[in-house]
Amino acid sequence: MQVVYTPAHLGHDIALETYMGVPVPANEVAERAERIRTALEADGGFAFAAPTEHGEEPITAVHDAGLVRFLEIAWSELRAQGIPRSFLAADTYPNVAMFEGMGEETLPRMRREPSQIGGRSGFWGLDTAAPLVAGTYVAARGAVDVALTTVDLVLGGERLAYGLCRPPGHHAARSMYGGYCFFNNAAVAAEAMVRATGERVAILDVDFHHGNGTQQIFWRRGDVRYVSIHAHPDRQYPFFLGRADETGEGPGSGENLNIPLDAGTSNEAYLRAVDQALESIAAVPGSVLVVSLGFDTYGLDPIGDFALTTDVYHEIGRRVADLGRRLVILQEGGYHRPSLGENARAWLRGAEGRSFDPLPAGGFTPGGSVV
Ligand code: Q9C
Ligand code: ZN
């Protein structure tokens, strides 16, 4: 299997994120992608390719150009405005209640981008868990190029390919970044495939969290079906979207399927949800599927609350591939660093129809040596 990877993500290394007002050790760190790369290299059955540059046009096909401009200048603005921070987090977010009672006609006029960076970051951001540092923009552009190069491989005839995207993407909406995500890699990929093939495209999101950004981007679209299995938003991020009664509107009516699950979800309960999701995808035509692949469903994940094991990832990969569609598989979350490489190897080997044998005890350290 071809794997698309770029070291551009290394510039987006994060020490701290904010959690409910205090700095805590960051979860979405560079080590994650290096763990996966190292395990796939050690496997021997994966061929690595560098992404090619695809420019800004495929990004503005799904994102507001203002978001791109903000992310491009945010770090230099923080410095220019003389605010000494190791990462940018917003000061004020425009809570919808701030505008309560104000009319539909006046509201668009009030959606104005401030100039101070703490307000500007609140205007484009969702939450304080997407720390922005000096290398973030270049890394986020790199992740989009990884996704689009994975698309190129599949449109060029590969049955499946894996894009090792970092930072992840599925929380990023048309005009918003958040949840460790800056550009929505999967949405950019799906849109590029719709445009290239004229076919319907489906997205299966198996990250632990609901992909609010992907749902928002395709909410009214009849040509992109979004199906997500995730933690119920009553108890988990992103809290305000991801419930089962969110099914799309207009031409997209019935094209959005959310499957929210309980804390402690087992392998068996998760596989039932996978079968339900695959049934929904099989019900509509199309030859390509984008997979938003997260491993924060793993039992030991520090921010998840499901109970999945490495073996079940192999089985999920197998069932997804059994759909018979070509697969553009893109990395999203997953924060238990020691298991990430094995979980990715298990999933991808399952999707290829290869058996899964664990690597020698101890696994692999970033840097490549067997321990
Ligand atoms: N106590 C992805 O998995 N909130 N994003 C974390 C931790 C943000 C997850 C709170 C979670 C974002 C791509
Ligand atoms: Zn997640």
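Where is Val-22 found?

Modeller: Val-22 is found in strand S3, where strands (E, at least two residues) and helices (H or I, at least four) are DSSP runs numbered from the N terminus. Residues are numbered from 1 along each chain as its sequence is written, while chains are lettered from A and ligands numbered from 1 in the order in which they are written. This is a predicted model, in which local features need pLDDT of at least 70 and side-chain atom pairs count only at pLDDT 80 or more, whereas totals for chains, interfaces and linings use all residues; side-chain values use heavy atoms, with hydrogens and water left out.

With a relative accessible area of 44%, Val-22 is partly exposed; here buried means under 20%, exposed over 50%, and partly exposed in between, with a 1.4 Å probe and protein chains only. The C-alpha atom of Val-22 is separated by 9.9 Å from that of Thr-128, a residue 106 positions away along the chain. Met-20 lies in the loop between strand S2 (16-19) and strand S3 (22-25). Although Met-20 is not a glycine, its phi is positive, at about 50°. Met-20 is exposed, with a relative accessible area of 70%.

From this part one may turn to the sheet. Eight strands form an open sheet in the order S4-S1-S5-S10-S9-S6-S7-S8, with parallel pairing; two strands pair if DSSP finds at least two bridges between them. Strand S4 (47-49) and strand S8 (256-261) stand at the edges with a single partner strand each, so one side of each is left without a neighbour in the sheet. From one strand to the next, the twist averages 20°, with axes taken as lines fitted to C-alpha atoms (for helices over the stretch in contact) and angles running from 0 to 180 degrees between N-to-C directions. S6 pairs with strand S7 (residues 224-231) in the parallel sense over five bridges, and Ala-202 stands opposite Arg-225 in S7.

Helix H1 (residues 30-43) lies across strand S1 (2-4), S4, strand S5 (160-163) and strand S10 (326-331), and runs at about 135° to S4. Eleven of the 14 residues of H1 are buried, so the helix is largely enclosed by the rest of the structure. Among these buried residues are Arg-32, Glu-34, Arg-35 and Arg-37, as well as Ile-36 and Leu-40. The buried residues of H1 pack against S1, S4, S5, S10 and H11, contact meaning heavy atoms within 4.5 Å. The 14 residues of H1 should span 20 Å at 1.5 Å a residue, and its end C-alpha atoms are 21 Å apart, which agrees; the expected span is 1.5 Å times one less than the number of residues. Just after H1, Gly-44 takes a positive phi of about 90°.

Helix H11 (residues 337-352) has 16 residues that should span 22 Å at 1.5 Å a residue, and the 24 Å between its end C-alpha atoms agrees. H11 is mostly covered, as 13 of its 16 residues are buried. Gly-353 follows H11 and has a positive phi near 80°.

In the loop between S5 and helix H7 (185-197) lies Pro-167, which a cis peptide bond joins to Arg-166, with omega about 0°. The loop between S7 and S8 contains Pro-238, and the peptide bond from Tyr-237 to Pro-238 is also cis, with omega near 5°. Phe-239 is placed in the loop between S7 and S8. Phe-239 has a positive phi of about 60° although it is not a glycine, and counts as partly exposed at 36% relative accessibility.

Asp-207 lies in the loop between strand S6 (201-205) and helix H8 (212-218), and Asp-296 in the loop between strand S9 (288-293) and helix H10 (310-321), so the pair ties together parts that are 89 residues apart in sequence. Both Asp-207 and Asp-296 are buried.
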